[in-house]
Amino acid sequence: MSLRVLLTVCVLAFVGCVLPWSLNPGAGLTFNLLDLAEWSSLHPAVHAQQPPMLTSLLLRLPWVALALLLALFSTGRGRFAAGLAVALIAAGLLPPFEFLASSGDPNYRQQALTAAVTLGAGLAAVAAPQRVRPVLIIAVSVLALLAALAGLAEALRLMRELRLPTLPGPGALLFVISMAVPAASTLVNKTGQRVTRRPARAAI
């Protein structure tokens, strides 16, 4: 894919994360991705999950994936901008300042850990060799897609258990599409390169 298409994919993924992931007649219960993760963290059933708060983690991973994809798509001078974007996303995942006084809160700990992983893995991805980037792009895109679907399905189930008439929002659909595009395109490109090389070797 061209750099313009890659950037378009990242913009669509960002918009998908910001748009509503759950639609509810009550405006106060229509959440975007991070708000839905926060709402899920308040449910007692999520605290009892193994591992604890898995639903909230799954709903935060798409932001991690977006940071990693921005880093993996970057080249040349664009790596500095990608590193800055990674740092901004990591900052957005940080817990509130109350974390300093309530460091034992599992939700705050998860937010802090997610932000740290985003920053560390994102900066490492900026420096990743070009030859391994296609595999990493496929892996990150597929894992983000699966995490988004699993987290959303569980969050909606919890809402419906509370008798809340909830439907998936447009943000979830847009994010899933934006993750499917780079994964499929990169896979097709790698397959095409292998097919092209085989006849060349046979001719030699």
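Which residues does Thr-166 touch, not counting residues up to four places away in sequence? The list is Ser-22, Leu-23, Asn-24, Leu-156, Met-159 and Arg-160, with contact meaning heavy atoms within 4.5 Å. Keep in mind that this is a predicted model, where local features need pLDDT of at least 70, side-chain atom pairs count only at pLDDT 80 or more, and totals for chains, interfaces and linings use all residues. Numbering runs from 1 along each chain as its sequence is written, and side-chain values use heavy atoms, with hydrogens and water left out.

**The loop between H7 and S2**
- Thr-166 sits in the loop between helix H7 (133-161) and strand S2 (167-168); helices (H or I, at least four residues) and strands (E, at least two) are DSSP runs, numbered from the N terminus.
- Thr-166 counts as buried because its relative accessibility is 2% (buried is under 20% relative accessible area, exposed over 50%, partly exposed in between, using a 1.4 Å probe and protein chains only).
- Arg-163 is also in the loop between H7 and S2, but this one is exposed, at 74% relative accessible area.
- Phi of Arg-163 is near 65°, a positive value in a residue other than glycine.

- Met-53 is buried, at 2% relative accessible area.
- For context, most residues other than glycine have a negative phi, and most peptide bonds are trans.

**Helix H1**
- Phe-14 belongs to helix H1 (residues 3-18) and is partly exposed, at 44% relative accessible area.
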